[in-house]
Amino acid sequence: MDEEKLFFLREPWKFQNTRSKRASLDGDLGFNTRSLHSGFDPLKDVNEFRSFVPPIVQSMTYPYESFEKFPDYIYGRSKTPTSSVLEKRLAALEEGEGCVTAASGSQALFNLLFTIARRGDNVVTSLNTFGEGYKQAATIFPERCEVEFRFVDDFANPKAWESMIDERTKLVWIETPSNPCLLVTDIAALAQVAHQHGVPLMVDNTTATAALQKPLELGADIVLLSLTKFMCGNATVLGGAVIGPEDLVEDIRWNTTEFVGAILQPFEAWLMLQYLETLSLRMEKHSENAQQIAEFLNDHPKVNLVNYPGLPEHPQYELAQRQMKSSGGLLSFVVGDGMKGAANLMNSLKLITHAVTFGTSRTICMHPRTITHEHMTQPERDKAGIDDGLIRLSVGLENVEDIITDLDQALAKL
Ligand SMILES: Cc1ncc(COP(=O)(O)O)c(C=O)c1O
């Protein structure tokens with residue numbers, strides 16, 4: 001391709017194996033303080049009216065002061081002032097250098113993979129990832145871009161990851177705790193393995209959020225987030241983000257958001273800023289309720305298995321205790337009689353809603369086998385633990401006794 005056109009593609013991002021600078025300006029403030037203040041000073045930023053709340057700047061174009069002087073924001077396909085406030089806040093919460101938001105978590109993943117990997121490259125991951133992530137890895141990227149995805153079976157063993165890495169590996173991608181089986185992967189150990197081979201580690205932090213787990217502090221290089229889930233907390237916003245080194249973030253912004261425009265819109269960014277103010281309080285309560293429900297289900301004779309990192313029976317319990325502040329609001333459990341048992345239980349629930357998302361203040365259940373992981377082959381589902389009787393439960397902020405009463409009456413009908 002001629003030089004002039006190549007300019008538009010920029011130099012591909014190169015991973016520098018030096019610990020990236022952390023979000024410097026707010027690093028000393030506590031997490032709750034950052035979730036309220038980072039990225040916005042009402043006396044200075046985006047704000048000639050000095051509004052206490054960050055304003056929604058609902059404009060998709062920004063006039064030039066003169067022929068020569070470019071404005072900071074030019075056109076809404078790449079960024080807007082409100083999304084910039086959110087990006088600074090997310091970077092501060094994850095303690096990363098920079099952040100770029102996207103129209104969904106799946107879009108953020110796509111943008112990252114598209115920016116990092118070229119034809120003939122590969123990405124090392126496992127089957128413990130969310131449904132759309134798996135679909136991108138198993139279909140779109142190999143078929144359309146000739147990027148190979150290598151799935152590690154023995155995911156708890158760092159050597160198994162290492163054996164899949166070669167000179168064309170551009171990324172190691174883990175999701176921990178994973179959706180829907182809540183498997184926990186050792187972030188610090190995998191960062192070490194990836195870095196020995198000059199490869200960055202990306203952690204999908206959607207299920208835990210920065211309130212409970214700090215991947216960058218543990219040695220990872222990039223964080224992926226669906227903002228749609230616990231970050232939002234009430235299923236009113238679809239959004240995603242990548243947090244990581246500033247040069248990677250700008251590469252993603254240029255190659256995908258700027259050219260394609262799947263950005264988080266100003267109103268959604270503004271809503272997210274309101275919801276983040278209570279993130280840590282919500283996550284504490286989600287964890288507290290989920291712990292009690294996991295214990296209840298674990299003792300119930302009609303439940304065959306409970307996946308929750310806060311139970312001592314969980315295979316990575318010790319690691320989860322070390323790596324996470326508390327165990328989060330997501331769990332899954334298996335009832336007998338496969339699909340029929342799951343259907344009977346879910347149809348008997350009265351308070352708990354059957355819906356496709358998680359992280360909401362209201363408790364939600366979902367059947368992964370038929371809804372999010374239906375496209376996997378049966379051997380893949382067996383490896384990933386997607387049993388026909390598996391039900392994912394996103395534990396909400398209701399009084400925990402009421403959630404337990406609902407589960408109890410539904411289990412009694414099996
Ligand atoms: C762990 C995880 N990451 C990312 C995503 C993608 O998020 P979104 O639904 O915002 O595209 C999901 C969605 O379920 C998820 O569970």
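Domain bounds here come from an automatic or database domain assignment. The C-alpha centres of domain 1 and domain 2 lie 27 Å apart. Domain 1 covers 3-276 and domain 2 covers 279-412. This is a predicted model: local features need pLDDT of at least 70, side-chain atom pairs count only at pLDDT 80 or more, and totals for chains, interfaces and linings use all residues. Residues are numbered from 1 along each chain as its sequence is written.

**Domain contact**

Two residues are in contact if their C-beta atoms, placed from the backbone, lie within 7 Å. The contact between the domains takes 36 residues from domain 1 and 36 residues from domain 2. On the domain 1 side, α2 (31-37) and α5 (131-145) each supply at least two residues. Helices (H or I, at least four residues) and strands (E, at least two) are DSSP runs, numbered from the N terminus. By class, that side of domain 1 has 21 nonpolar, 11 polar and 4 charged residues. Ala, Val, Leu, Ile, Met, Phe, Trp, Tyr, Cys and Pro count as nonpolar, Asp, Glu, Lys and Arg as charged, and the others, Gly among them, as polar.

Tyrosine 134 sits in helix α5. A residue is buried if 20 or more other C-beta atoms lie within 10 Å of its own, exposed if 12 or fewer, and partly exposed in between, with C-beta atoms placed from the backbone. Tyrosine 134 has 22 C-beta neighbours inside 10 Å, so it counts as buried. Leaving aside neighbours within four places in sequence, tyrosine 134 contacts Thr129 and Met376. Its C-alpha atom is separated by 9.9 Å from that of threonine 372, 238 residues apart along the chain.

**Strands**

Two strands pair if DSSP finds at least two bridges between them.

| Strand pair | Bridges | Direction |
|---|---|---|
| β1 and β7 (residues 240-244) | 5 bridges | antiparallel |
| β2 (residues 122-126) and β4 | 3 bridges | parallel |
| β4 and β5 (residues 201-204) | 4 bridges | parallel |
| β11 (residues 364-366) and β12 (residues 390-394) | 3 bridges | antiparallel |

Strand β1 (residues 98-102) has 5 of its 5 residues buried. Gly98, Val100 and Ala102 point one way, while Cys99 and Thr101 point the other way. Threonine 101 stands opposite alanine 241 in β7.

Strand β4 (residues 169-175) has 6 of its 7 residues buried, so it is largely enclosed by the rest of the structure. Leucine 171 in β4 is the bridge partner of valine 123. Tryptophan 173 has methionine 202 in β5 as its bridge partner.

An open sheet of 5 strands runs in the order β8-β9-β12-β11-β10, with mixed pairing. β8 (303-307) and β10 (353-354) stand at the edges with a single partner strand each, so one side of each is left without a neighbour in the sheet. Within this sheet, cysteine 365 stands opposite leucine 393 in β12.

**Core**

A nonpolar core is a set of buried Ala, Val, Leu, Ile, Met, Phe, Trp, Tyr and Cys residues joined through C-beta atoms within 7 Å. The largest has 111 residues, and Val172, Met202, Ala241, Val242, Met272 and Leu331 touch the most other members. This core draws at least three residues from each of domain 1 and domain 2. Not counting residues up to four places away in sequence, methionine 202 touches residues including Leu112, Val172, Trp173 and Ile222.

**Ligand shell**

Which residues are closest to the ligand? They are Ser104, Gly105, Ser106, Phe130 and Ser226, among 14 that surround it. By class, the shell has 2 nonpolar, 9 polar and 3 charged residues.

Conventions. A residue is near a molecule or strand if its C-beta atom, placed from the backbone, lies within 6 Å of it.
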